[in-house]
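Trainee: I would like to learn how to read a protein model step by step. Could we go through one together, slowly and with care?

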Amino acid sequence: MPSPRHIALLSGLMGLSLAAPASAQPSNLAGFDVDKDGRTSRAEYRIGLVSETMKYDKNRDGRVTVSELPGFTRLPGVKGVVEKVFKANDRSGDGALSPDELEARAEVRFGELDTNRDGYLNQAEIKAGRRSR
């Protein structure tokens, strides 16, 4: 089963709620809340998403490929979505996501989640974003 960290990361990156019991799904992005004010700013979200995703860069080439992601991302029903999201966000067409491409994805996803347009994500927005996928 995917860990809560994997679920949070891939939910943020891809805008999906991966199949996992509710008890395994993190309720917030507390790890991204650097200043511990109970909400996640655009900058915190962008930095958190990029740094967490780059942890999967196994060969340390500065890019993350689908093959470097955890094994559960290759399961039926998940693999196609992962590949689709990678392709949609791989602006260079090299089959990998760079930090710049991840930052661009973070900006788009933050805009989707920040429904009250205050520049921060609160727990209600994160939960609503997970349900809407």
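Trainee: To begin, what percentage of the 133 residues in the protein do buried residues make up?

Mentor: Keep in mind from the outset that this is a predicted model. Buried residues make up 46% of the 133 residues in the protein, where buried stands for a relative accessible area under 20%.

Trainee: How many helices and strands does the protein have, and what pattern does it follow along the sequence?

Mentor: The secondary structure consists of five helices and four strands, and when you read along the sequence they follow the pattern α-β-α-β-α-β-α-β-α. As for contacts in the protein with a separation of 6 or more, 51% of them are accounted for by residues 24 or more positions apart.

Trainee: Let us turn to helix packing. At what angle do helix α2 and helix α4 pack?

Mentor: Helix α2, which covers residues 42-54, and helix α4, which covers residues 99-113, pack at about 135°, and their axes are 9 Å apart. An angle over 145 degrees would count as roughly antiparallel, and one of 65 to 115 as roughly perpendicular; α2 and α4 are therefore oblique to each other. The crossing in which α2 passes α4 is right-handed.

Trainee: Which residues make the contact between α2 and α4?

Mentor: From α2 the contact involves Arg-42, Tyr-45, Arg-46, Leu-49, Val-50, Thr-53 and Met-54, while α4 contributes Pro-99, Leu-102, Glu-103, Ala-106, Glu-107, Arg-109, Phe-110 and Leu-113. Sorted by class, the contact of α2 with α4 has nine nonpolar, five charged and one polar residues.

Trainee: Which residues make up the largest nonpolar core?

Mentor: The general idea first: in soluble globular proteins, nonpolar side chains tend to be buried together. Here the largest nonpolar core has 11 residues in all, namely Val-50, Met-54, Tyr-56, Val-64, Val-66, Leu-69, Val-78, Val-82, Phe-86, Leu-97 and Leu-102. At least two residues of this core are supplied by each of α2 and α3, the latter spanning 79-89. Another core lies apart from it and has eight residues, among them Leu-49, Ala-106, Leu-121 and Ile-126.

Trainee: If neighbours within four places in sequence are left aside, which residues is Val-50 in contact with?

Mentor: With those neighbours left aside, Val-50 is in contact with Pro-99, Leu-102 and Glu-103.

Trainee: And Leu-121, where is its place, and is it buried or exposed?

Mentor: Leu-121 has its place in strand β4, residues 120-121. With a relative accessible area of 1%, Leu-121 is buried. Its C-alpha lies 7.8 Å from that of Phe-110, although Leu-121 and Phe-110 are 11 residues apart in sequence.

Trainee: How should I read Val-108, and what is its relative accessible area?

Mentor: Val-108 has its place in helix α4, and with a relative accessible area of 45% it is partly exposed.

Trainee: Where does Lys-127 lie, and what does Lys-127 count as by its relative accessibility?

Mentor: Lys-127 lies in helix α5, residues 123-131, and its relative accessibility of 34% makes Lys-127 count as partly exposed. The C-alpha atoms of Lys-127 and Leu-113 are separated by 9.3 Å, the two being 14 residues apart along the chain. For a contrasting reading, take Ala-88, which is found in helix α3 and counts as exposed at 62% relative accessibility.

Key
Residues numbered from 1 in each chain as written. Predicted model: local features only at pLDDT ≥ 70, side-chain atom pairs only at ≥ 80, totals over all residues. Heavy atoms only, no water. Axes fitted to C-alpha atoms, helices over the stretch in contact; angles between N-to-C directions. Parallel < 35°, antiparallel > 145°, perpendicular 65-115°, else oblique. Left-handed = near helix turned anticlockwise from the far one by under 90°. Contact = heavy atoms within 4.5 Å. Nonpolar A, V, L, I, M, F, W, Y, C, P; charged D, E, K, R; others polar. Core = buried A, V, L, I, M, F, W, Y, C linked by side-chain atoms within 4.5 Å. Buried < 20%, exposed > 50% of the residue type's maximum accessible area, 1.4 Å probe, protein only.
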